Amino acid sequence: MIKAELINRLRGLKKTQKGMTGTQVCLLLVGIAFAVSCMLTMLPIYMDDMSVSSSMEGVHKDLVGKDIYQITNEEIKSRIDKYLQVSAVSNEPLKSFKVVRDGGRVLVTMNYEIRDNLIGNIDVVIFFKHEVDFAKPPV
């Protein structure tokens with residue numbers, strides 16, 4: 001008898017409990033809004049970084065067949081800057097531009113960080129590091 005009453009109660013609960021509560025819906029919407037806000041803040045930063053990477057590779061391909069040891073660091077920087085201007089990328093990556101000439105290597109590096117506001121006083125900091133050896137043939 002007690003078992004039958006318990007089963008009937010559980011069946012009754014199953015009929016009354018459907019869907020999410022208002023609080024759960026609000027929490028879900030806040031979570032979705034936060035994820036969209038993060039995506040809208042960080043996606044352009046990563047798109048710019050892909051342009052930085054492709055500009056370094058593009059300059060590397062442009063210099064194939066030329067004597068890389070005769071090309072100055074400023075000329076390499078100028079060529080990369082032109083690529084970045086076409087892609088409308090900020091000058092932040094160029095501030096960290098370095099060329100290291102060591103033995104048979106001509107290593108071009110850009111190590112930089114981008115800081116952008118996420119929400120209120122919360123910032124996103126993203127670090128990027130790119131290295132291309134201009135003495136080696138491009139891949």
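**Ground rules.** I call a residue buried under 20% relative accessible area, exposed over 50%, and partly exposed in between, with a 1.4 Å probe and protein chains only. The model is predicted, so I note that local features need pLDDT of at least 70 and side-chain atom pairs count only at pLDDT 80 or more, while totals for chains, interfaces and linings use all residues. I number residues from 1 along each chain as its sequence is written, and side-chain values use heavy atoms, with hydrogens and water left out.

**Overall build.** I took helices (H or I, at least four residues) and strands (E, at least two) as DSSP runs, numbered from the N terminus. I found 3 helices and 3 strands, and along the sequence they read α-α-α-β-β-β. The radius of gyration is 28 Å, well over the 14 Å that the globule rule gives for 139 residues, so the chain is more spread out than a compact globule. For that I used C-alpha atoms, and the rule is 2.2 Å times the number of residues to the power 0.38. The C-alpha trace spans about 95 × 30 × 25 Å along its principal axes. Of the 139 residues, 28% are buried.

**Core.** Which residues touch the most other members of the largest nonpolar core? I looked among its 26 residues and got I76, I80, F97, V108, M110 and F134. Such a core is a set of buried Ala, Val, Leu, Ile, Met, Phe, Trp, Tyr and Cys residues joined through side-chain atoms within 4.5 Å. The elements giving two or more residues to this core are α2 (22-62), α3 (73-86), β1 (97-102), β2 (105-119) and β3 (122-133). The largest share, 6 residues, is from β2. I then checked I76, leaving out residues up to four places away in sequence: I76 touches L63, I68, I71, F97, R101, V108 and F134. Contact here means heavy atoms within 4.5 Å.

**Aromatics.** I paired rings of Phe, Tyr and Trp (its six-membered ring) if their centres lie within 6.5 Å; planes under 30 degrees apart are stacked, over 60 edge-to-face, and the rest tilted. That gave me 2 aromatic pairs. Y46 and F128 are edge-to-face, 5.5 Å centre to centre with 85° between the planes. Y46 is in helix α2 and F128 in strand β3, so this pair ties together parts 82 residues apart in sequence. Y112 and F128 are tilted, at 5.3 Å and 35°. Here Y112 belongs to strand β2 and F128 to strand β3, 16 residues apart. Y46, Y112 and F128 form one aromatic cluster. Y46 is partly exposed at 40% relative accessibility, F128 is buried at 9%, and Y112 is buried at 7%.

**Salt bridges.** I counted 4, taking a side-chain nitrogen of Lys or Arg within 4 Å of a carboxyl oxygen of Asp or Glu.

- E75 is partly exposed at 32%, and R79 is partly exposed at 22%.
- R105 is in strand β2 and D133 in strand β3, so the pair ties together parts 28 residues apart in sequence. R105 is partly exposed at 41%, whereas D133 is buried at 11%.
- E113 is partly exposed at 32%, and R115 is exposed at 53%.
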